[in-house]
Amino acid sequence: MSFGFLGIQFGFALQGGFMSRIFQTLGADKDTIPFLWIAAPLTGLLVQPIVGYLSDRTWHPKFGRRKPFFFIGAVLSTVALFFAPYSSALWMAAGALWILDASINISMEPFRALVADKLPDSQRSYGFVVQTLIIGIGTWVASNLPWMMTQLGVPNTAPEGVVPDSVKYAFGIGALVLFTSILYTILTTEEYPPEDMEEFEKEKADSSGFMAGVKEIFKNIAGMPSVMKKLGIVQFFSWFAFFTMWSFATPAITEHVFGATDTTSAAYNDAADSVGSYLGTYGLVSMIYALILAFVASKIRINRRLLHLGSLIAGGIGFILIYFISEPWMLHISFSLVGIAWASILSMPYAMLSSSVNPRKMGVYMGIFNMFIVIPQIIAALGGVNFLYKFFFGEAVINTMLLAGTMLILAGFSNLLITDKKAIHD
């Protein structure tokens, strides 16, 4: 049932690794890049709770509960992913990113709810870790696609204001993988009906109508469990860090490590391909780390809180090391540590959360939990990253990696706020 995450992660990896490159190619300066990402998290703030709420209230004997949302998200994501690199103006690329991110998220949170739907609490750490293993494979392959295209002879340079063919081919392959993998999941995964169908239908009837739905979502936000609020702090710092990486890794590393700034030059595009490949390292390592965690979680009782704490601090150190490296190959070390954090971010918070919420409201709570992912991205995009890295570390764009590392270490220590035993342990 997690195979669809392979395609979803193809979309996320291409989006996170190469949209900033597309923005730079179309003429964006480094300080405006975060702002061009703003529409995507803003939409997610609205879309996720609504999709989660609707999926909780959906049941069809043939199509199930979560699968209709997988399909809608897959179709929209595929179209946006395919056409994004063909943008001829910044507003078009920003619009494509907006549609892509919102569409992927239509599929993403119902996928997470499906894992919790189908697994008992004792197996959820294992389930989310296996899901992360699939995501790691997608991240690694997708991040290396432009480099692979270049090795196959596809040009990685283009006239000023035109995205290279290597990136276009990579996005096209990503679109195909995204759609086929989600379609495979839809066709091969069986969903369980509500345990009490009569009670399910009664609850739907009692809360029918648009305003009743809005009221229910806000009621759930106001009544979110204490564990969810504390995890929200961890998520805030974690996703601020990764948004900083997605926005600034390409300009920061191409300039600081490779000394390339001219976006039309072969040197810049070679460096940008290399950055994508190095970013793929965090996907590869997250896959290996998730494989180890899957084995451990299947054998022994794990402490989710301490595991997440240590993993996030390791990732923070990885980001900070980027500032100090002297040779490009050392980026593999940095992003290996980042991969440890990424694997944990994609599994441990959801395992802790799913142990603390009403199973009948799993979808809406997963959607609400997404607020703690998109709010830090909105703050970062509205100037948070630009202000903080310049204020604390200085004007050089490589200082964004120091900021990302600091945020991830703060996220790690924030895990100490979580004291609920059911959330901490399987």
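Here is a short tour of a predicted model, one selection at a time.

**Stop 1**

Start by selecting Met245 and Phe335. In the largest nonpolar core, which has 101 residues, these two touch the most other members. Now colour helix H10, residues 226–256. H10 gives this core its largest share, 16 residues.

Keep Met245 selected and show what surrounds it. Setting aside neighbours within four places in sequence, methionine 245 is in contact with Leu279, Tyr282, Phe319, Phe335, Val338 and Met401. Another core lies apart from the 101-residue one. That other core has six residues, including Val285, Tyr289, Ala314 and Ile340.

**Stop 2: the rings**

Next, show the aromatic side chains. How many aromatic pairs does the structure hold? There are 20. A pair of aromatic rings is described by the distance of the centres and the angle of the planes.

Now pick phenylalanine 242 and phenylalanine 319. Here the pair is edge-to-face, with 5.7 Å from centre to centre and 75° between the planes. Phenylalanine 242 belongs to helix H10 and phenylalanine 319 to helix H12 (residues 304–324), so the pair ties together parts that are 77 residues apart in sequence.

To see how the rings join up, select Trp239, Phe242, Trp246, Tyr282, Phe319 and Trp342 together: ring pairs link them into a cluster.

**Stop 3**

Follow H10 to valine 257, which is in the loop between helix H10 and helix H11 (266–299). Which residues does valine 257 touch, not counting those up to four places away in sequence? They are Ala252, Ile325, Pro328 and Leu331. Then click the C-alpha atoms of valine 257 and alanine 271: they are separated by 9.0 Å, and the two residues are 14 residues apart along the chain.

**Stop 4: two crossing helices**

Finish with helix H16 (residues 371–392) and helix H17 (residues 399–414). Their axes come within 9 Å and cross at roughly 100°. H16 and H17 are therefore roughly perpendicular to each other. Zoom in on the contact: H16 supplies Val385, Leu388 and Tyr389, while H17 supplies Asn399, Thr400, Leu403 and Met407. By class, the residues in this contact are five nonpolar, two polar and no charged.

Note on methods
Residues numbered from 1 in each chain as written. Predicted model: local features only at pLDDT ≥ 70, side-chain atom pairs only at ≥ 80, totals over all residues. Heavy atoms only, no water. Axes fitted to C-alpha atoms, helices over the stretch in contact; angles between N-to-C directions. Helix = DSSP H or I, 4+ residues; strand = E, 2+ residues; numbered from the N terminus. Parallel < 35°, antiparallel > 145°, perpendicular 65-115°, else oblique. Contact = heavy atoms within 4.5 Å. Nonpolar A, V, L, I, M, F, W, Y, C, P; charged D, E, K, R; others polar. Core = buried A, V, L, I, M, F, W, Y, C linked by side-chain atoms within 4.5 Å. Buried < 20%, exposed > 50% of the residue type's maximum accessible area, 1.4 Å probe, protein only. Phe/Tyr/Trp six-rings, centres within 6.5 Å; stacked < 30°, edge-to-face > 60°.
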